[in-house]
Amino acid sequence: MTILADPMERALELARAAAEAGEVPVGAVIVDPETGEIVAEGANGPIHLNDPTAHAEIVALRAAAETLGNYRLTGLTMYVTLEPCAMCAGAISLARIGKLVFGACDPKGGAVIHGARFFDQPTCHWRPEVEQDEARGEAASALLKDFFKARRG
């Protein structure tokens with residue numbers, strides 16, 4: 001396992017790689033906060049993998065569960081460049097992630113502080129601590145804006 005001083009920077013690197021592959025630029029890294037070791041990481045891959053569920057968060061959660069041999073990822077921290085959607089928030093809850101740190105807000109598709117506010121729902125059985133990395137959020141937002149601007153012509 002690798003130890004990084006700045007997991008969100010690694011998530012941004014993964015997002016840039018996703019963009020280069022033609023995917024929406026989102027990256028996710030799961031870290032053990034006690035050791036600082038990266039347990040797993042993922043980049044958006046729905047197009048390449050022909051899988052509508054292959055969001056960066058889901059890819060990282062699957063890899064972490066495989067690495068640890070357990071679908072419960074209790075106590076780990078996920079860093080993701082974009083506010084998770086409802087599907088990803090649900091998966092984060094089911095995996096029992098201890099803390100979620102996200103970069104850019106997603107007023108249209110986000111479900112953590114926007115939209116459904118998944119973790120605030122009474123049917124949500126596990127709520128991670130949530131933090132927004134506003135400094136890195138600006139870089140993640142710029143990456144997304146540039147990606148979509150290039151596709152609009």
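**Close-up views of a predicted model**

**View 1. Helix H1 and its cover.** Strand E2 (27-31), strand E3 (37-43), strand E4 (77-82), strand E5 (99-104) and helix H5 (134-152) are among the elements that cover the buried residues of H1. The model shown here and in the other views is predicted. H1 spans residues 7-20, 14 residues in total. From first C-alpha to last it reaches 20 Å, close to the 20 Å expected at 1.5 Å a residue. Which residues of H1 are buried? They are Pro7, Met8, Ala11, Leu12, Leu14, Ala15, Ala18 and Ala19. These residues cover an arc of only 160° around the axis, so they lie on the same side of H1. An α-helix has 3.6 residues a turn, so residues three or four places apart point the same way. Just after H1, Gly22 has a positive phi of about 90°.

**View 2. The largest nonpolar core.** This core holds 31 residues. Ile30, Leu61, Leu73 and Ile97 touch the most other members. At least two residues come from each of E2, E3, helix H3 (56-68), E4, helix H4 (86-95), E5 and H5. In soluble globular proteins, nonpolar side chains tend to be buried together.

**View 3. Surroundings of Ile30.** What does Ile30 touch, residues up to four places away in sequence not counted? Its contacts are Glu37, Ile38, Val39, Ala40, Ala60, Leu61, Ala64, Leu73, Leu76, Thr77, Met78 and Ile97. Leu61, Leu73 and Ile97 stand with Ile30 as the core residues that touch the most other members.

**View 4. Helix H4.** Seven of the ten residues of H4 are buried, and the helix is mostly covered. The buried residues are Cys88, Ala89, Gly90, Ala91, Ile92, Ser93 and Ala95. H3, E4 and E5 are among the elements that cover them.

View 5. Arg96 sits in the loop between H4 and E5. Its phi is positive, about 65°. Arg96 is buried, yet it has no salt bridge. Where is the nearest side chain of opposite charge? That side chain belongs to Glu129, 16 Å away. Neighbours within four places in sequence aside, Arg96 is in contact with Arg72, Leu73, Thr74, Gly75 and Trp126. One of these, Leu73, is also a contact of Ile30.

**View 6. Two loop residues with positive phi.** Asn50 lies in the loop between helix H2 (46-49) and H3. Its phi is near 50°, a positive value in a residue other than glycine. Is Asn50 buried or exposed? Its relative accessible area is 70%, so Asn50 is exposed. Arg117 lies in the loop between E5 and strand E6 (129-132). Its phi is near 45°, again positive in a residue other than glycine. Arg117 counts as partly exposed because its relative accessibility is 41%.

**View 7. Asp6 and Gly36.** Asp6 is in the loop between strand E1 (2-3) and H1. Its relative accessibility is 26%, so Asp6 counts as partly exposed. Asp6 and Gly36 are 30 residues apart in sequence. In space, the two are 9.5 Å apart, C-alpha to C-alpha.

Note on methods:
Residues numbered from 1 in each chain as written. Predicted model: local features only at pLDDT ≥ 70, side-chain atom pairs only at ≥ 80, totals over all residues. Heavy atoms only, no water. Helix = DSSP H or I, 4+ residues; strand = E, 2+ residues; numbered from the N terminus. Expected span 1.5 Å × (residues − 1). Buried < 20%, exposed > 50% of the residue type's maximum accessible area, 1.4 Å probe, protein only. Arc of directions from axis to C-beta. Contact = heavy atoms within 4.5 Å. Core = buried A, V, L, I, M, F, W, Y, C linked by side-chain atoms within 4.5 Å. Lys, Arg positive; Asp, Glu negative; His and termini not counted. Salt bridge = Lys/Arg side-chain N within 4 Å of Asp/Glu carboxyl O.
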